[in-house]
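Please read each point with the model in view.

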Amino acid sequence: MNKIEYRAVIKFLTKEGKNAKEIHDRLVAVYNDTAPSYATVTRWHKEFRHGRESLEDDPRVGRPSEATSEDMVDRVEAMIMENRRVKVEEISLETGISHGSVCTIIHHHLGMSKVSARWVPRKLSPHDRLQRRTSSEELLTLYNADPAGFESRVVTGDETWVHHWDPETKLESMTWKHKGSPTPLKFRTQPSAGKIMATIFWDAEGVLLVDFLPRGSTITGEYYAGVLGHLRDSIRQKRRGKLTRGVLLLHDNAPVHKARRAQAALKDCGFEQLNHPPYSPDLAPSDYFLFRQLKSSLRGRRFHDDDEVKEAVTTWLEEQLKSFWLAGIQSLRDKWNKCIQVKGDYIEK
């Protein structure tokens, strides 16, 4: 097929309501390596979505620029698709056009920019992605069947290390300065060796339980079983009727959570355990919501001992409004939706 025929297919599928990714996937499935690149599909999909009807190239005013001709744009795009890390200088040498023209093609014609890779917990296998997508579909169905009921029943929690000293990130230490004044310096530092393990359980109304692991101890299935017992007692005292309605416990599948003793305690407490897929901190509200904000508020502060850390953690948790906790639980629906949309892959922040 020539480029006009490809554009006709893109136009037809755009009018059918397909998005650029769906169109590209279908073209690749049929035409394999001869299919147009994703960037090309995206460019024409956008044009057709905004009302364009013509499949032909736009007429050029005056003499066409060799540097930005469609053939040169396609050549630059092909080099980038072949090597995502290719440098502008390398493209310029290979194509014989100027550095500025290459930048114009990349940014204005292809709509691309160079970004750093995003760190993820691990490389997900097809089975991992399937588990994440299936779990998200199941939980989203449960949530949507009765949103208010789900929000009132779910309890979530996890463990996290809190350091006596955790330095500010480069972004957090940004300051204003006058033009011409020297840029402030920030020296590289590491979190302190002193730290304590905090286990926090919460729901849509607030904190239910905060447990600090005694120094010198380790989290085991037996220890976690004891924490679950304390959690049940706390729910009975703080949330009248919640145990009767039935607690939906959302925690990850860490080894101590799956230990036989912990699972027996969970059953004794009468909790229903929600399905949480492996390697999925981006689907665990304690990780992506609570701990991130807690540690951000403590970062840059120095604590002399464990007691000061405990007091700071407890105080911060008590200061959060009810709307904060409800937003954390409600964010789950958006996370599950996004996980389904990306077919089980990790979710962008």
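How many helices and strands does the secondary structure of the protein chain comprise?

1. The protein chain has 15 helices and five strands. Helices (H or I, at least four residues) and strands (E, at least two) are DSSP runs, numbered from the N terminus. This is a predicted model, in which local features need pLDDT of at least 70 and side-chain atom pairs count only at pLDDT 80 or more, while totals for chains, interfaces and linings use all residues. Residues are numbered from 1 along each chain as its sequence is written, and side-chain values use heavy atoms, with hydrogens and water left out.

2. Of the 349 residues in the protein chain, 40% are buried. Buried means under 20% relative accessible area, exposed over 50%, and partly exposed in between (1.4 Å probe, protein chains only). Among contacts (heavy atoms within 4.5 Å) with a separation of 6 or more, 70% join residues 24 or more positions apart.

3. Helix α7 (residues 126–145) packs against helix α15 (residues 322–341) at an angle of about 135 degrees, and their axes are 9 Å apart. Axes are lines fitted to C-alpha atoms, for helices over the stretch in contact, and angles run from 0 to 180 degrees between N-to-C directions. The two helices, α7 and α15, are therefore oblique to each other; angles under 35 degrees count as roughly parallel, over 145 as roughly antiparallel, 65 to 115 as roughly perpendicular and the rest as oblique.

4. Which residues make this contact? Those of α7 include Arg132, Leu139 and Tyr143, and those of α15 include Ile329, Arg333 and Trp336. The contact residues of α7 and α15 comprise seven nonpolar, four polar and four charged. Here Ala, Val, Leu, Ile, Met, Phe, Trp, Tyr, Cys and Pro count as nonpolar, Asp, Glu, Lys and Arg as charged, and the others, Gly among them, as polar.

5. Thr40 belongs to helix α3 (residues 38–49). Because its relative accessibility is 12%, Thr40 counts as buried. The C-alpha atoms of Thr40 and His109 are separated by 9.6 Å, although these residues are 69 residues apart along the chain.

6. Thr315 is located in helix α14 (residues 306–319), and its relative accessibility of 33% makes Thr315 partly exposed. The side chain of Thr315 reaches the backbone oxygen of Glu311 at 2.7 Å.

7. Tyr279 is not a glycine, yet has a positive phi of about 55 degrees. Tyr279 lies in the loop between β5 (272–273) and α13 (285–298).

Definitions and conventions:
Polar contact = N/O pair within 3.5 Å; in protein donor to acceptor, adjacent residues only side chain to side chain.
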